[in-house]
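I opened the notebook to look up the core, the surface and the charged pairs. The entries follow in the order I made them.

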Amino acid sequence: MALLVRFLPVLVSLVLLVYCLIDCIQTDESQCRHLPKSAWVMLILFFPLVGGIAWLVAGRPRRTGGAAEPRRQQRHVVAPDDDPQFLAQLKQSNTEHERMLQQWEDDLRRREQALREGDNPDEPKDKPGS
């Protein structure tokens with residue numbers, strides 16, 4: 001137990017360092033307050049406890065979403081089975097495939113019929129000079 005109490009400040013400092021460093025690196029440069037992003041990273045690395053607390057208090061962007069910060073318009077994502085445009089394209093593609101399949105089946109029937117009659121289906125019926 002005494003060992004845990006002894007290393008708790010070190011553990012808290014390490015967790016704060018890792019969290020603040022990752023948060024700072026993932027933050028957009030334009031959203032960092034008071035200092036450039038590179039200065040915040042250096043401050044957090046060289047002075048982990050003070051730099052981390054300073055980042056959380058003064059450097060981190062405000063995430064209020066209130067009137068002071070304009071909200072970004074979020075694009076409404078629609079699942080493919082709910083998207084009418086996707087469904088229309090799918091229907092058109094299916095119709096084209098069905099039409100092509102019907103043409104192939106008709107051509108196959110015509111060739112089979114010609115073979116049953118003893119004709120070569122690939123030769124033209126009207127031979128010149130006959």
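Is Asp107 buried or exposed, or partly exposed? Asp107 is partly exposed, because its relative accessible area is 29%. I use buried for under 20% relative accessible area, exposed for over 50% and partly exposed for in between, with a 1.4 Å probe and protein chains only.

Note on the source. I am reading a predicted model, where local features need pLDDT of at least 70, side-chain atom pairs count only at pLDDT 80 or more, and totals for chains, interfaces and linings use all residues. Residues are numbered from 1 along each chain as its sequence is written, and side-chain values use heavy atoms, with hydrogens and water left out.

Entry: I searched for salt bridges (a side-chain nitrogen of Lys or Arg within 4 Å of a carboxyl oxygen of Asp or Glu). The structure holds five. Asp107 pairs with Arg110 at 2.7 Å, N to O. Both lie in helix 4, three residues apart, about one turn of the helix. Arg110 is partly exposed at 44% relative accessibility. I take helices as DSSP runs of H or I, at least four residues, and strands as runs of E, at least two, numbered from the N terminus.

I then took Arg109 and Glu105. Their side chains meet at 3.9 Å, N to O. They are separated by about one helical turn, because they are four residues apart in helix 4. Arg109 is partly exposed at 46%, and Glu105 is partly exposed at 32%. I also noted a network of salt bridges that links Glu105, Asp106 and Arg109.

Entry: a salt bridge between elements. I looked up Asp23 and Arg60, whose side chains meet at 2.8 Å, N to O. Asp23 lies in helix 1 and Arg60 in the loop between helix 3 and helix 4 (84–116), so the pair ties together parts that are 37 residues apart in sequence. Asp23 counts as buried at 10% relative accessibility. Arg60 is partly exposed at 23%.

Entry: the core. I define a nonpolar core as buried Ala, Val, Leu, Ile, Met, Phe, Trp, Tyr and Cys residues joined through side-chain atoms within 4.5 Å. The largest one has ten residues, including Leu16, Cys20, Trp40 and Trp55. Helix 1 (2–26) and helix 2 each give two or more residues to this core. Helix 1 has the largest share, five residues. I checked the contacts of Leu16 (heavy atoms within 4.5 Å). Leaving out residues up to four places away in sequence, Leu16 touches Pro48, Leu49, Gly52, Ile53 and Leu56.

Entry: aromatic rings. I paired rings of Phe, Tyr and Trp (its six-membered ring) with centres within 6.5 Å; planes under 30 degrees apart are stacked, over 60 edge-to-face, the rest tilted. The whole structure gave one pair. Trp40 and Trp55 are edge-to-face, 5.6 Å centre to centre, with 70 degrees between the planes. Trp40 is in helix 2 and Trp55 in helix 3, 15 residues apart. Trp40 is buried at 3%, and Trp55 is buried at 0%.

Entry: the surface. I found a nonpolar patch with about 1000 Å² of accessible area together, and Tyr19, Met42, Leu45 and Phe46 are among its residues. Helix 2 (37–46) and helix 3 (48–59) each supply at least two of the patch residues. Helix 3 gives the largest share, five residues. Leu45 lies in helix 2 and is partly exposed at 42%. Patch residues have over 30% relative accessible area and no salt bridge; like charges are joined within 9 Å, nonpolar side chains (Val, Leu, Ile, Met, Phe, Trp, Tyr) within 5 Å. Areas come from the Shrake-Rupley method with a 1.4 Å probe; for residues, only the protein chains shown count as cover.
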